[in-house]
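Notebook open, structure loaded. I wanted to look up the charged pairs, the strands and the aromatic rings, in that order.

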Amino acid sequence: MKAVKRLGIFAILMVAGAMTAGAEEKVETTVSADAVSQYIWRGQELGGISLQPTLEVSYAGFSVNAWGSVGLESTDTKEFDITVGYSLGGFNIGITDYWFNQGGGDESNRYFMYHSHRTNHVFEANIGYDCGKGAIQWYTNFAGNDGLNKSGKRAYSSYVELTAPFALGGADWTAAIGAVPYASTFYSTKGFAVTNVSLTASKDIQITPSFSLPVFAQVAANPASQKAYFVFGFTLKP
């Protein structure tokens, strides 16, 4: 796990150095927050009404993104994720450090607890390609509090998702289908399983001549768990 910590610190320093080395005016900062009626992630229900802020700094294809989720209910899991990524053309790669504040007792709820058998951090690598008309993304947990396979060993839990955007009726739509390729307690699957089939529509609502509010609605189903969800949300940004 110490190697993972060094890897994460090195990656952040590499991106920060690349940003400061270039022209400052080309560095882009994004600040926004989503409010959602329900927190659904890859077909899993992780919370009720939630506020999900985002802070991202990017330059020349490199990016560092901080994302969180806080639910209104005290029993909802609080989440804080940091992602370091790079994109070139349609290709992208990244590493995400997920942290959840529930499960494992007070010791594992410490943010700086990285012990492999007690931490609430999950480290995930991703790679993908977006051709504009569609995209494919593969994610694999490689360290931290990962799930187990049928043999009781680290599952290196993975998830693959296909998405396709299209326009219809004055709104932007995205169709998605995601699957877990093999057994993992992280996704509560016993083998290959389709865990996410969703359709999302987004549209800007004009509030004033100078301000519009992006809203979205999503119908999602998890065939593996036999559950379905309807989510509504909006995005606040400068």
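This is a predicted model: local features need pLDDT of at least 70, side-chain atom pairs count only at pLDDT 80 or more; totals for chains, interfaces and linings use all residues.

**Charged pairs**

Residues are numbered from 1 along each chain as its sequence is written, and side-chain values use heavy atoms, with hydrogens and water left out.

How many salt bridges does the whole structure hold? My search gave 2, counting a side-chain nitrogen of Lys or Arg within 4 Å of a carboxyl oxygen of Asp or Glu. Arg42 and Glu124 make one of them, with their closest N and O atoms 2.8 Å apart. That pair links distant parts of the chain, 82 residues apart: Arg42 sits in the loop between β2 (39-41) and β3 (44-47), and Glu124 in strand β8 (residues 121-130). Helices (H or I, at least four residues) and strands (E, at least two) are DSSP runs here, numbered from the N terminus.

I also checked Asp146 and Arg154, which form a salt bridge at 3.9 Å, N to O. Asp146 is buried at 10% relative accessible area, whereas Arg154 is partly exposed at 28%.

**Strands**

I traced a closed barrel of 12 strands with antiparallel pairing, running β1-β4-β5-β6-β7-β8-β9-β10-β11-β12-β13-β14. Strands count as paired if DSSP finds at least two bridges between them. I picked β4 (residues 50-59) and β5 (residues 62-71), which pair antiparallel over 8 bridges. Glu56 stands opposite Asn65 in β5.

**Aromatic rings**

I got 16 aromatic pairs; ring centres of Phe, Tyr and Trp (its six-membered ring) must lie within 6.5 Å, and planes under 30 degrees apart count as stacked, over 60 as edge-to-face and the rest as tilted. Phe80 and Tyr111 form a tilted pair, 5.7 Å centre to centre with 35 degrees between the planes. Phe80 lies in strand β6 (residues 79-88) and Tyr111 in the loop between α2 (105-108) and β8, so the pair ties together parts 31 residues apart in sequence. Phe80 is partly exposed, at 31% relative accessibility.

Tyr139 and Tyr159 are tilted too, because their planes stand at 35 degrees, with centres 6.2 Å apart. Both tyrosines are buried. I finished on the cluster that ring pairs build from Trp41, Tyr98, Phe100, Tyr139, Tyr159, Phe186 and Tyr187.

Key
Buried means under 20% relative accessible area, exposed over 50%, partly exposed in between (1.4 Å probe, protein chains only).
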